[in-house]
Amino acid sequence: MSVYVGIDVHRKRSQIAVVDHDGAVQVNRNVPNGVETVLSVIGDLPIGAPVAFEAAYGWGWLVELLEDYGFEPHLVHPLRCKAIASARLKNDKVDAANLAHLLRADLLPEAWIARWRRG
């Protein structure tokens with residue numbers, strides 16, 4: 001079964017939505033940022049599951065976490081994501097689910113993820 005993950009990342013907490021291949025929201029939870037808490041929501045998903053999140057301050061830790069655990073990160077360009085920016089109903093739950101739905105529909109305005117060497 002295919003799943004798609006959208007994460008609305010904030011400084012201390014993130015909203016994580018998991019959508020199945022039919023578009024049904026399976027999970028939509030708010031968790032503190034960190035390896036254990038994020039993996040408590042997505043850790044049992046299939047290896048290679050795609051995960052979308054907007055480019056915001058401090059997203060680098062999330063890319064590392066996702067790649068280290070076998071997920072496929074998709075960085076979303078925040079100014080080009082009109083489905084989120086111009087939504088009538090705007091909150092973290094809706095934003096996370098919208099990211100997952102856009103990923104599922106292959107409609108994400110992606111940004112480039114710069115690769116760097118870990119020290």
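The first stop is D8, which belongs to strand β1, residues 3–9. Bear in mind throughout that this is a predicted model. Is D8 buried or exposed? Its relative accessible area is 5%, so D8 is buried. Show the side chains of D8 and H10: they make a polar contact with each other at 3.3 Å. Now display what surrounds D8. Leaving out residues up to four places away in sequence, D8 touches R13, S14, Q15, E54, D92, D95, A96 and L99.

Next, select helix α1, residues 35–42, together with helix α2, residues 60–68. Two packed helices are described by the angle between their axes and by the distance between those axes. Here the axes come within 11 Å and cross at roughly 55°. The two helices, α1 and α2, are therefore oblique to each other. Their crossing is right-handed.

Which residues of α1 and α2 meet? Select V35, V38, L39 and I42 on the α1 side, then W61, L65 and L66 on the α2 side. By type, the residues of this contact are seven nonpolar, no polar and no charged.

Stay with α2 and colour its buried residues: G60, L62, V63, L65 and L66. What covers the buried residues of α2? The cover includes β1, where the tour began, and α1. It also includes β4 (50–54) and β5 (72–76). Then move on to G70, which follows α2 and has a positive phi, near 85°.

Most residues other than glycine have a negative phi. The phi of D106 is near 60°, a positive value in a residue that is not glycine. Its relative accessibility is 69%, so D106 counts as exposed.

Finish at W112, also placed in the segment after α4 (92–104). Is W112 buried or exposed? With a relative accessibility of 72%, W112 counts as exposed. To end, draw a distance between the C-alpha atoms of W112 and L75; the separation is 6.9 Å, although the two residues are 37 residues apart along the chain.

Note on methods
Residues are numbered from 1 along each chain as its sequence is written. This is a predicted model: local features need pLDDT of at least 70, side-chain atom pairs count only at pLDDT 80 or more; totals for chains, interfaces and linings use all residues. Side-chain values use heavy atoms; hydrogens and water are left out. Axes are lines fitted to C-alpha atoms, for helices over the stretch in contact, and angles run from 0 to 180 degrees between N-to-C directions. Helices (H or I, at least four residues) and strands (E, at least two) are DSSP runs, numbered from the N terminus. Angles under 35 degrees count as roughly parallel, over 145 as roughly antiparallel, 65 to 115 as roughly perpendicular and the rest as oblique. A crossing is left-handed if the near helix is turned anticlockwise from the far one by less than a right angle, and right-handed if clockwise. Contact means heavy atoms within 4.5 Å. Ala, Val, Leu, Ile, Met, Phe, Trp, Tyr, Cys and Pro count as nonpolar, Asp, Glu, Lys and Arg as charged, and the others, Gly among them, as polar. Buried means under 20% relative accessible area, exposed over 50%, partly exposed in between (1.4 Å probe, protein chains only). A polar contact is a pair of N or O atoms within 3.5 Å; within protein, one must be able to donate a hydrogen and the other to accept it, and residues adjacent in sequence count only if both atoms are side-chain atoms.
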